[in-house]
Amino acid sequence: MRKHAEKTSGAVAHAAQAASVACEGVHVEHDHPKQRIIDTAASKGCDLIVMGSHGRHGISAIALGSETVNVLPHSKILVFVHH
């Protein structure tokens with residue numbers, strides 16, 4: 001997981017830098033990812049949390065990722081869901 005997180009956050013940081021957008025990658029582990037996502041965003045002073053949906057097609061396309069579904073109703077910070 002750590003290796004995947006580093007690869008993914010590295011790609012995001014590179015894209016952000018190319019677009020002149022500030023970006024700080026954070027990798028944390030927690031028994032309750034929903035709470036860690038919300039707490040980390042709050043501690044970093046974020047005003048937006050960006051999360052992905054599953055990217056499925058057809059009827060399953062309406063389903064969001066399980067952590068996205070958990071974060072949406074509990075976050076006081078705006079959550080943008082990207083498909």
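This briefing describes the fold, the surface, the largest pocket, the cysteines and several individual residues of one protein model.

The model is predicted, so local features need pLDDT of at least 70 and side-chain atom pairs count only at pLDDT 80 or more, while totals for chains, interfaces and linings use all residues. Residues are numbered from 1 along each chain as its sequence is written, and side-chain values use heavy atoms, with hydrogens and water left out. The secondary structure comes to three helices and two strands, and the largest pocket holds about 1500 Å³ of space.

**Fold and surface**

- Read along the sequence, the protein follows the pattern α-α-β-α-β, where helices (H or I, at least four residues) and strands (E, at least two) are DSSP runs numbered from the N terminus.
- Of the 83 residues of the protein, 17% count as buried; here buried means under 20% relative accessible area, exposed over 50%, and partly exposed in between, with a 1.4 Å probe and protein chains only.
- The protein exposes about 6400 Å², of which carbon and sulfur atoms supply 57%; accessible areas come from the Shrake-Rupley method with a 1.4 Å probe, and for residues only the protein chains shown count as cover.
- Among contacts with a separation of 6 or more, residues 24 or more positions apart account for 53%, a contact being heavy atoms within 4.5 Å.

**The largest pocket**

- The space of about 1500 Å³ in the largest pocket is a volume filled by probe spheres set on grid points, which are joined across faces, edges and corners.
- Of the 28 residues that line the largest pocket, the closest to its centre are Glu24, Gly25, Val26, Ile37 and Val50.
- On a 1 Å grid over the protein atoms alone, a pocket is an open set of points where a 1.4 Å probe fits, with protein on both sides within 12 Å along at least five of seven lines, and lining residues have an atom within 4 Å of a point.
- Helix H1 (2–18), helix H2 (33–43) and strand E1 (48–52) each supply at least two residues of this lining, and the largest share, six residues, comes from H1.
- By class, the lining has 17 nonpolar, seven polar and four charged residues, where Ala, Val, Leu, Ile, Met, Phe, Trp, Tyr, Cys and Pro count as nonpolar, Asp, Glu, Lys and Arg as charged, and the others, Gly among them, as polar.

**Cysteines**

- The structure holds zero disulfides, a disulfide being a pair of cysteine sulfur atoms within 2.5 Å.
- Cys23 is in no disulfide, and the nearest cysteine sulfur, that of Cys46, is 10.0 Å away; Cys46 is likewise in no disulfide.
- Cys23 is partly exposed, with a relative accessible area of 39%, and Cys46 is partly exposed, with a relative accessible area of 34%.

**Individual residues**

- Thr40 has its place in helix H2 and counts as buried at 16% relative accessibility; leaving aside its neighbours within four places in sequence, Thr40 is in contact with Val26 and Val28.
- Thr68 lies in helix H3 (residues 66–71) and is buried, with a relative accessible area of 3%; not counting residues up to four places away in sequence, Thr68 touches Met51, Gly52 and Val81.
- Val50 has its place in strand E1 and is exposed, with a relative accessible area of 54%, while Val50 and Val81 are 31 residues apart in sequence and 6.0 Å apart in space, C-alpha to C-alpha.
- Ser20 lies in the loop between H1 and H2, is exposed with a relative accessible area of 71%, and has a positive phi of about 60° although it is not a glycine.
- Most residues other than glycine have a negative phi.
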